[in-house]
Amino acid sequence: MAWVEGRVIERIEWTPTLFSLRVAAELAPYKAGQFTKLALEQGDRRIQRAYSFVNPPSAPYHEFYLVEIPSGELTPSLGSLQAGDTLLVQSQATGFLTLDEVPAGRDLWLLSTGTAIGPFLSMLADGEAFNRFENLVLVHGVRKGEELSYQDLIASFTEQYGARFRYVPFVSREPWPDAMAGRIPAAIANGQLQARVGLEFSPELSQVLICGNPEMVKETQQTLLALGLAKNLRRAPGNISAENYW
């Protein structure tokens with residue numbers, strides 16, 4: 001796939017290790033929920049990693065939400081970029097965690113951890129999800145409360161869509177106002193998440209998208225399967241669509 005030069009137009013720092021980059025680049029059209037690759041040249045090597053778009057496809061820039069891994073090959077260098085700096089962006093996006101792969105339903109659950117909230121923010125900002133589903137639930141699990149980024153954007157969904165949109169943060173390592181404690185799969189298994197939201201997981205009414213670390217994705221899928229939901233496959237439509245984000 002072809003690479004194009006991108007220019008950083010804004011860097012947003014959320015915590016010492018979490019940041020977002022807004023990038024100007026001429027890319028092929030893409031869908032909310034998809035991802036592309038960012039790269040930097042280091043000597044004679046091109047170091048590249050995949051990142052999901054946070055912005056809706058209609059935005060005049062491309063936004064990526066990243067965590068800096070101090071020992072990583074790429075993220076420390078990406079983390080040092082400032083407005084005006086350049087990087088390489090793969091021009092063609094990919095990925096199947098998109099709404100056109102999701103069957104019809106009444107309730108759309110978006111379950112994420114860490115920076116994997118990015119593709120779901122893209123979907124919500126795009127607006128198509130609100131045209132297709134009556135109720136939308138965004139669940140975001142983090143370790144510490146300061147990692148609950150994009151609060152202004154999330155609040156704008158509540159302001160625009162009211163009770164149709166529910167946001168449930170999870171903070172696992174410290175008490176945090178309005179956040180649930182513990183982990184997402186456990187809160188589904190014991191019914192606490194459903195009670196908080198006021199909706200149940202239903203094979204007839206629910207569509208669930210999961211994006212996060214592989215352990216969370218696997219455990220959440222198993223928990224939902226035990227509740228009677230089915231994996232969504234093209235040959236056999238179901239309720240659960242997932243993507244590992246690591």
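Author: Before we start, a word on terms: Ala, Val, Leu, Ile, Met, Phe, Trp, Tyr, Cys and Pro count as nonpolar, Asp, Glu, Lys and Arg as charged, and the others, Gly among them, as polar. Keep in mind too that this is a predicted model.

Reader: Thanks! With those classes, how does the lining of the second largest pocket divide?

Author: Its residues split into nine nonpolar, two polar and three charged.

Reader: And which residues lie nearest the centre of that pocket?

Author: Arg-22, Tyr-61, Glu-63, Tyr-150 and Leu-153 do, out of 14 lining residues. The space in this second largest pocket comes to about 180 Å³.

Reader: Which helix gives the most to the lining?

Author: That would be helix H4, residues 151-161, with three residues.

Reader: What about domains, where does the lining draw its residues from?

Author: From domain 1 (3-90) and domain 2 (99-244), with at least three residues from each.

Reader: Let's go back to Tyr-150. Where is its place in the chain?

Author: Tyr-150 sits in the loop between strand E8 (135-142) and H4. Its phi is near 60°, which is a positive value in a residue other than glycine.

Reader: Is Tyr-150 buried or exposed?

Author: Buried: its relative accessibility is 6%, and the cut-off for buried is under 20%.

Reader: Which other residue has a positive phi although it is not a glycine?

Author: Asp-178 is one, with a phi of about 70°. You'll find Asp-178 in the loop between strand E9 (165-171) and strand E10 (180-181). Asp-178 counts as exposed, at 65% relative accessibility, given that exposed means over 50%.

Reader: Nice. Switching to helices, how many residues of H2 are buried?

Author: Seven of the nine residues in helix H2 (residues 118-126) are buried, so this helix is largely enclosed by the rest of the structure. The buried ones are Gly-118, Pro-119, Phe-120, Leu-121, Ser-122, Met-123 and Leu-124.

Reader: What follows H2?

Author: Gly-127 does, and its phi is positive, near 95°.

Reader: Now H7. What should its residues span?

Author: Helix H7 (residues 214-226) has 13 residues, which at 1.5 Å a residue should span 18 Å; the end C-alpha atoms are 18 Å apart, so the two agree.

Reader: Which residues of H7 are buried?

Author: Met-216, Val-217, Thr-220, Gln-221, Thr-223 and Leu-224. They cover an arc of only 165° around the axis, so they are on the same side of H7.

Reader: Why would residues spaced like that point the same way?

Author: An α-helix has 3.6 residues a turn, so residues three or four places apart point the same way.

Reader: Then what does the face of H7 turned away from the buried side carry?

Author: That face has the exposed residues Glu-215, Lys-218 and Ala-226.

Reader: One last topic, the leucines. Where is Leu-66 found?

Author: Leu-66 is in strand E5 (residues 62-67), and it counts as buried at 0% relative accessibility. Between the C-alpha atoms of Leu-66 and Gly-79 there is a separation of 8.3 Å, and the two residues are 13 residues apart along the chain.

Reader: And the place of Leu-81?

Author: Leu-81 lies in the loop between helix H1 (75-79) and strand E6 (86-90). Leu-81 is buried as well, with a relative accessible area of 8%. Its C-alpha atom is separated by 14 Å from that of Ala-24, a residue 57 residues apart from it along the chain.

Notes
Residues are numbered from 1 along each chain as its sequence is written. This is a predicted model: local features need pLDDT of at least 70, side-chain atom pairs count only at pLDDT 80 or more; totals for chains, interfaces and linings use all residues. Side-chain values use heavy atoms; hydrogens and water are left out. On a 1 Å grid over the protein atoms alone, a cavity is a set of points where a 1.4 Å probe fits but cannot get out, and a pocket is an open set with protein on both sides within 12 Å along at least five of seven lines; lining residues have an atom within 4 Å of a point. Grid points are joined across faces, edges and corners, and a volume is the space filled by probe spheres set on the points. Helices (H or I, at least four residues) and strands (E, at least two) are DSSP runs, numbered from the N terminus. Domain bounds come from an automatic or database domain assignment. The expected span of a helix is 1.5 Å times one less than its number of residues. Buried means under 20% relative accessible area, exposed over 50%, partly exposed in between (1.4 Å probe, protein chains only). The arc is that of the directions from the helix axis to the C-beta atoms.
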